[in-house]
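Please keep the sequence and the structure in view while reading.

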Amino acid sequence: MKMTRRVVALGALGMVGVLALAGCGRADDAPTGSDAPSAQALDDGPATGEITIWAMGEEGENLGDFSESFTEANPDAKITVTTIPWADVMTKYQTAVAAGTVPDAIMIGSSLLPSMVAAGGLAPVPDGVVDESTLNPTAAESTQVDGASYAVPWYVETRVLYYRSDLAEKAGLSAPTSWEELTAFAKGFTDAGAAHGIQLPMGDAEDSTQVILPFYAQAGGEVLNSAGDAYAWDHDALVAALEYYASFFTDGLAPLSGYGDSQTAAFTDGSNPAFISGPWMVSVLADMKDADWVAKNVATVPVPAGAANNDSYLGGGHLGVFADAKNADGAWKFIKWLSQADTQKAWFDLTSDLPAVTSVLDAEPYTSDARISVLNDQLENTVAPPSVPSWDEMSAFIETEAEKVANGSSADEAASAIEAKAESLGTGW
């Protein structure tokens with residue numbers, strides 16, 4: 001999902017309803033292994049009838065008009081898009097499933113999929129909708145639950161390092177490629193007069209795990225065991241990630257207020273000239289200043305590497321179909337169309353949503369665009385939140401513990417608390 005702040009207030013609203021359904025273990029309706037329902041293969045005929053879909057944010061606002069090309073090719077089909085707020089997604093989902101009043105299809109924030117599967121109501125993806133080999137592998141993996149896929153990746157988003165290239169040049173700073181260099185880079189900005197050298201998210205209002213989880217992966221840690229059925233935190237890697245994250249705050253290199261409402265203003269006025277964020281920030285900055293200013297003064301590079309890799313956060317949006325959909329055939333055919341490379345290219349040109357089909361950005365005009373090339377390079381090194389229902393409650397706890405470390409508490413004690421929470425919480429299945 002393409003924003004830094006925690007969308008849907010997941011920890012407070014979404015997971016409460018899901019956990020009420022699921023109890024301490026797996027929800028009764030959630031499929032397991034061989035119990036997962038089989039999916040019928042999709043035929044080659046045209047789509048017909050009304051296809052209703054719920055979508056959120058800018059995607060929901062744009063999808064209706066965008067779908068005209070689909071209905072031109074499928075004249076007996078009609079697309080009806082209902083835009084709903086991110087904050088209402090899980091409540092509306094649960095209510096619709098319980099009442100049997102579901103639309104045909106739904107846009108799914110990638111971090112919400114496990115909770116939706118646990119609550120029941122989604123159909124498995126039929127054969128013939130999409131060739132998984134064409135998709136970003138991390139995104140494709142995030143749609144899998146116990147061997148069955150319950151959604152198709154629609155778009156992906158990852159984070160890169162944005163910095164004021166003009167100010168870096170004046171300060172004699174080169175783009176960082178390692179943890180140590182990023183610390184020195186931020187300090188170089190403060191030595192040159194910036195109030196802070198980098199902005200990082202702080203607290204659950206901004207979902208700080210979107211940088212902490214990559215730091216943990218960069219230190220060599222895995223969140224789940226090889227079977228994917230239990231948390232398996234690496235204590236040393238977790239301590240390293242928490243200490244590294246907290247060091248920017250304890251050393252005065254990042255503001256304890258986090259991004260806050262002044263994130264872009266502090267960046268454009270030079271008082272805080274670096275942050276980690278997604279592709280949408282180019283247009284945000286251009287709206288504040290102008291495109292020429294961004295081209296001359298803003299650079300993007302992949303996130304610096306830890307001891308193991310330079311993984312960045314992978315989020316995005318999926319598309320799924322309800323098990324009780326009235327027009328499941330039409331819905332899957334619409335999703336198949338949205339997954340075609342040409343359609344994904346047109347969608348990216350309209351919305352800047354990075355295509356889940358990896359080949360799109362490997363061709364012109366994108367290969368000549370330095371900013372898109374950086375994103376494409378970063379997409380090869382990503383880590384996604386684990387596909388388990390309890391992750392949001394787990395991540396909220398991590399945020400709380402990380403904030404304590406950023407205010408001077410022990411990273412070792414915080415890591416132990418996170419491990420104990422994971423043990424008591426379980427995956428939620």
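## A charged pair on one helix

D191 has a relative accessibility of 57% and therefore counts as exposed (exposed is over 50% relative accessible area, buried under 20%, and partly exposed in between, with a 1.4 Å probe and protein chains only). Its partner in a salt bridge is K187, at 3.1 Å from N to O (a salt bridge is a side-chain nitrogen of Lys or Arg within 4 Å of a carboxyl oxygen of Asp or Glu). K187 is partly exposed, at 44%. Because K187 and D191 are four residues apart in helix α8, about one helical turn separates them (helices are DSSP runs of H or I with at least four residues, numbered from the N terminus).

## Basis and confidence

The model is predicted: local features need pLDDT of at least 70, side-chain atom pairs count only at pLDDT 80 or more, and totals for chains, interfaces and linings use all residues. Residues are numbered from 1 along each chain as its sequence is written, and side-chain values use heavy atoms, with hydrogens and water left out.

The average pLDDT of the chain is 89, and 90% of the residues score at least 70 (pLDDT is the predictor's confidence in each residue, from 0 to 100). Over residues 1–34, however, pLDDT stays under 50. Where pLDDT is low, the predicted coordinates should not be read in detail.

## Other salt bridges

In total, the structure holds eight salt bridges. One of them joins R159 and E157 at 2.7 Å, N to O, and both of these residues are buried. D43, D329 and K333 are linked in a network of salt bridges.

E393 and K421 also form a salt bridge, with their closest N and O atoms 3.7 Å apart. This pair links distant parts of the chain, 28 residues apart: E393 belongs to helix α17 and K421 to helix α18.

## Aromatic rings

There are 22 aromatic pairs in the structure (rings of Phe, Tyr and Trp, the last by its six-membered ring, pair if their centres lie within 6.5 Å; planes under 30 degrees apart count as stacked, over 60 as edge-to-face and the rest as tilted). W179 and Y244 are stacked, at 4.0 Å centre to centre with 5° between the planes. W179 lies in helix α8 and Y244 in helix α10, so the pair ties together parts that are 65 residues apart in sequence. Both W179 and Y244 are buried.

F334 and W337 are likewise stacked, because their ring centres are 5.9 Å apart and their planes at 15°. Both residues lie in helix α14, three residues apart. F334 is buried, with a relative accessible area of 1%, and W337 counts as buried at 14%. F334 and W337 also belong to one aromatic cluster with F66, F70, W154, Y155 and W347.

Methods: Contact = heavy atoms within 4.5 Å. Helix = DSSP H or I, 4+ residues; strand = E, 2+ residues; numbered from the N terminus.
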